[in-house]
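Please look over the sequence and the model shown here before reading on.

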Amino acid sequence: MGSNTTEAHPIIGNKIKKAAKSGLKVIVVDPRKIDIVKSAHRHLQIEVGSDIALMNAMMHVIIKEGLYNNQFILQHTTEFEKLKKQVERYTPEYSAEITGLSVEDIIDTAREYAKAEKSMIAYTLGITEHHCGVNNVFDIANLALLTGQIGREGTGIMPLRGQNNVQGAGDMGCLPNQLTGAVSITDDAYRSRFETAWGMEVNASIGDTQTRTFERIENGDLKALYIIGENPLLADVHMNHTRELLQKLDLLIVQDIFLTETAEYADVVLPAKSWGEVDGTYTNTDRRIQRVRKAVEAAPDTKEDWEILCELSTRLGYPMHYETSEDIWNEVRELAWELYGGISYERLESEYSVHYPCPDEQHPGTRILHVGFHDLVEGQKVSTFVPVDYTEPIERPDSEYPFTLTTGRRLESYNTHSQTRHYADGVKIRQKEETVDIHPEDAAKLGIIDGDLVEVSSRRGELQVKAKITEQVVPGLVFMSFHWSEVPTNVLTINEFDPISGTAEFKACAVQIKPVTV
Amino acid sequence: MGEVTQVKTVCGYCGTGCGLVLDIEDNQIVKIRGDKTAPVNKGQTCVKGGFAYKYVHAPSRLKTPLIRKAGKLVQATWDEAYEFIAKGLSSIKNEFGPEAISMFACARTTNESNYVTQKFMRTAIGSNNIDGCNRT
């Protein structure tokens, strides 16, 4: 669901394609006819942002036809009655209207998901980058719990993570509400472990999300922002607004490997060492800890991220010092031993990767999480259904802005493209610049041909871009990536956010398109 | 031409976690292959992981700290940059409290650097205002 797997996670895409050839049924839920659709047994080409309507209708069918896992629900869930009531009005006919799918496709998908011995849902940002992103994820969990398709090999919920160490960054505690080891900052016993180790009291009140940080810059409460290896000016929604906010800060510190668009607004820029120049570990999308190794000597005046922070910390009155990345990792292993205690550098050397949780050296690591759902012991794992309702994207197309713009990634570029501008010689790149991908019918109406320059505008900004005419999108829907600073797509996107996660609705906003007469 | 050595590591792009073998010559990455012994990718790589590595050696890499002076970012020493930041953060913390400072952490750097990042915010600064794109 909402995963352009072959472009954003090509190796996982390869695995899915290969499995499809040996009989795996792949159902692709995506508003675009993306490449992985070629391997799909069915493509549910839904309206952007209508995932909950689809999933609630699937659950409606599963409940009505008695295809749910009654024993699993009794033993491992609460609030089933509430879920039943919530999905009652989501008949396949009702949701077919919202999603644009056929009634048969909804019913067949529900039956297949529930009846298969093993079903898994993999998703990416097409699920989370909506004003209802958290509700989308809740509904995926509802489906898995309703059918018991979780906690066994080949089942479960698989968020495919977009960055090499996005999982690790959160697990290490780079979140406003959790400490290293993914435990809440408000957990007194857990926090005191850190207070003892760090020799000082730790603030117990939950901090600000990025979204909240931007709000507090706007109202003047937030004075200093320190950004490490992120380029929010280009990557975040409503770029013109983001720029104003960055300019409003008293102190903007940017630590990066390039002078990014964000760094150009900084008061001070620190040159960091990059991948290939440092030692350490990453945590991948399926919870594997793996070693990254220094391969080349960095330029003499660049420093490693942790080295910079240790020096600053010391100058701010909290002396911090480590000799090696392994020293730091061993501190992590000691403090968050439940997850990492058994994962030493030495072990990673011989075993390549270990899945956390792995509390001690004898523990093999945890390849399948949530197996507790199938332990028939007392105190067994219980999870609550969280029924949710469909809410349409905040900004719908209208007569003034008649197209829906959805955004994402393309194969050869990565995020804000500061790294993927530098390919090895001789590599043939297909997408050398940004385009707005538009359906042939819409192009004909606008009187444009492939490669024509068009102006795309939203209520927040406008840009000029070449049109790419493709049936990957449907009439009324256009697609752009956020890779190119020359065509900064996020001047168009909307600053509406999920109230819980603070993630922005990158996947849907209304735009107008006009040919540019040269 | 120097000697070619091999270093095993993990790809720095998406979250799949493919193992790679890097060929190094004269302190430059000259070739990348998928690591056949890697459990995740068993030797495969995608176009980004296999070929988009030249950024490491790009002339446009940042090579020294920069400080804004009279509206322009100009080269500075590490000592100047550290002092500039330490002074700035201290005075903001003293005047407005630790909650006036926020950190966006990096989803690309190592676990070790991320651990130190949050430790820095929670100790030296004293705030939980630390976030990143990892919430997406």
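What follows is a short account of the domains, the contact between the chains, and some of the helices and strands.

The model is a predicted one. Chain A is divided into domain 1 (5–160), domain 2 (166–355) and domain 3 (403–515), while chain B is divided into domain 1 (4–57) and domain 2 (97–136).

**Domains**

- In chain A, the C-alpha centres of domain 2 and domain 3 lie 30 Å apart, and the contact between these domains takes 16 residues from domain 2 of chain A and 17 residues from domain 3 of chain A.
- On the side of domain 2 of chain A that touches domain 3 of chain A, the elements that give two or more residues are α12 (210–218), α13 (232–235) and α14 (239–248) of chain A.
- Sorted by class, that side of domain 2 of chain A has 5 nonpolar, 8 polar and 3 charged residues.
- In chain B, the C-alpha centres of domain 1 and domain 2 lie 28 Å apart.

**Where the two chains meet**

- Between the chains, 88 residues of chain B are in contact with 112 residues of chain A, and the element that gives the most to the side of chain B that touches chain A is helix α3 (residues 111–125) of chain B, with 13 residues.
- By class, the side of chain B that touches chain A is made up of 46 nonpolar, 30 polar and 12 charged residues.
- Strand pairing also runs across the two chains, with strand β8 (residues 224–228) of chain A joined by 4 bridges to strand β6 (residues 101–104) of chain B, the two running parallel; here A:I227 stands opposite B:F104.

**Strands β8, β9 and β10 of chain A**

- Strand β8 of chain A also pairs with β9 of chain A, in the parallel sense and over 5 bridges, and within this pairing A:L225 stands opposite A:L252.
- Strand β9 of chain A pairs in turn with strand β10 (residues 268–271) of chain A, in the parallel sense over 4 bridges, where A:D256 stands opposite A:P271.
- Strand β9 (residues 251–256) of chain A is largely enclosed by the rest of the structure, because 6 of its 6 residues are buried.
- In a regular strand, side chains alternate between the two faces of the sheet. From β9 of chain A, A:L251, A:I253 and A:Q255 point one way, whereas A:L252, A:V254 and A:D256 point the other way, and all are buried.

**A sheet in chain B**

- Chain B holds an open sheet of 3 strands in the order β1-β2-β3, with antiparallel pairing.
- Strands β1 (4–10) and β3 (28–34) of chain B stand at the edges and have a single partner strand each, so one side of each is left without a neighbour in the sheet.
- On average, neighbouring strands of this sheet are turned by 30 degrees against each other, direction ignored.
- Strand β2 (residues 19–25) of chain B pairs with β3 of chain B in the antiparallel sense over 6 bridges, and the bridge partner of B:E25 is B:Q28.

**Helix α3 of chain A**

- Helix α3 (residues 51–64) of chain A has 14 residues that, at 1.5 Å a residue, should span 20 Å, and its end C-alpha atoms are 20 Å apart, which agrees.
- This helix of chain A is largely enclosed by the rest of the structure, because 12 of its 14 residues are buried; among them are A:D51, A:L54, A:M58 and A:I62.
- Helix α3 of chain A is followed by A:G66, whose phi is positive, near 65 degrees.

Definitions and conventions:
Residues numbered from 1 in each chain as written. Chains lettered and ligands numbered in written order. Predicted model: local features only at pLDDT ≥ 70, side-chain atom pairs only at ≥ 80, totals over all residues. Contact = placed C-beta atoms within 7 Å. Nonpolar A, V, L, I, M, F, W, Y, C, P; charged D, E, K, R; others polar. Pairing = 2+ DSSP bridges. Buried ≥ 20, exposed ≤ 12 C-beta atoms within 10 Å, placed from the backbone. Axes fitted to C-alpha atoms, helices over the stretch in contact; angles between N-to-C directions. Domains from an automatic or database assignment. Expected span 1.5 Å × (residues − 1).
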